[in-house]
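Have a look at the sequence and the model first.

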Amino acid sequence: MIDLSTLLDPLAWPRWLARDAERRKVAGPDVLAQVEQAVRDFPAAAFAGGLLPAPLPVEHVEKLPRGEHRETTEGAKVRHRVVAEPGGVRGWSLGRGVVISMAQTTVRPVYTPVARGESAALRHDGSVVRALISAWEPYPAPVEVELDDRTVGLADYLRRILADHRR
């Protein structure tokens, strides 16, 4: 399965999608067509370069025994353990909010709250979460990918990923 640390956190997705929607408004139809073509071409290029897809995880919670309940410094009550299992979608998590499925579309996680109230859950890596991945859904491919101090077009970013993997 993919490393969940490569995904944006649940609160970052709406901001990231809003910024991309603004970029789509100013991008021309030829740029949007180029982005869609880059996403459609990526799976074949990845396979040819030896970059194989991984199952994208879906998560569910299991109740912790009462003796293992605890409270975080933010006041959330940890009463559940997150269990990740391979989902029905396979793809490549390329970082920076870019996840491409084998169906040649970009997908994003659908987050579901752990439970009502102040509950939280503990992942196997020790991180505490308030939402978990319940499914994956298609969304429009991003026009640009945000790097540390600049943005790069998606097609260039995908070429860079493939070139870095070949090294």
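A salt bridge here is a side-chain nitrogen of Lys or Arg within 4 Å of a carboxyl oxygen of Asp or Glu. By that rule, the structure holds 11 salt bridges. This is a predicted model, in which local features need pLDDT of at least 70 and side-chain atom pairs count only at pLDDT 80 or more, while totals for chains, interfaces and linings use all residues. Residues are numbered from 1 along each chain as its sequence is written, and side-chain values use heavy atoms, leaving out hydrogens and water.

Start with Arg24 and Glu36, whose closest N and O atoms are 3.8 Å apart in a salt bridge. Arg24 belongs to helix α1 (residues 12–26) and Glu36 to helix α2 (residues 29–48), so the pair ties together parts that are 12 residues apart in sequence. Helices (H or I, at least four residues) and strands (E, at least two) are DSSP runs, numbered from the N terminus.

Now turn to the strands. Glu137 and Arg108 meet through their side chains in a salt bridge of 2.6 Å, N to O. Because Glu137 sits in strand β8 (residues 131–138) and Arg108 in strand β5 (residues 107–113), this pair ties together parts that are 29 residues apart in sequence.

How open are such residues? Buried means under 20% relative accessible area, exposed over 50%, and partly exposed in between (1.4 Å probe, protein chains only). Glu137, at 29%, is partly exposed, and Arg108, at 22%, is partly exposed too. Another salt bridge joins Glu71 and Lys77, with 4.0 Å between the closest N and O atoms. Glu71 is exposed at 53%, whereas Lys77 is partly exposed at 31%.
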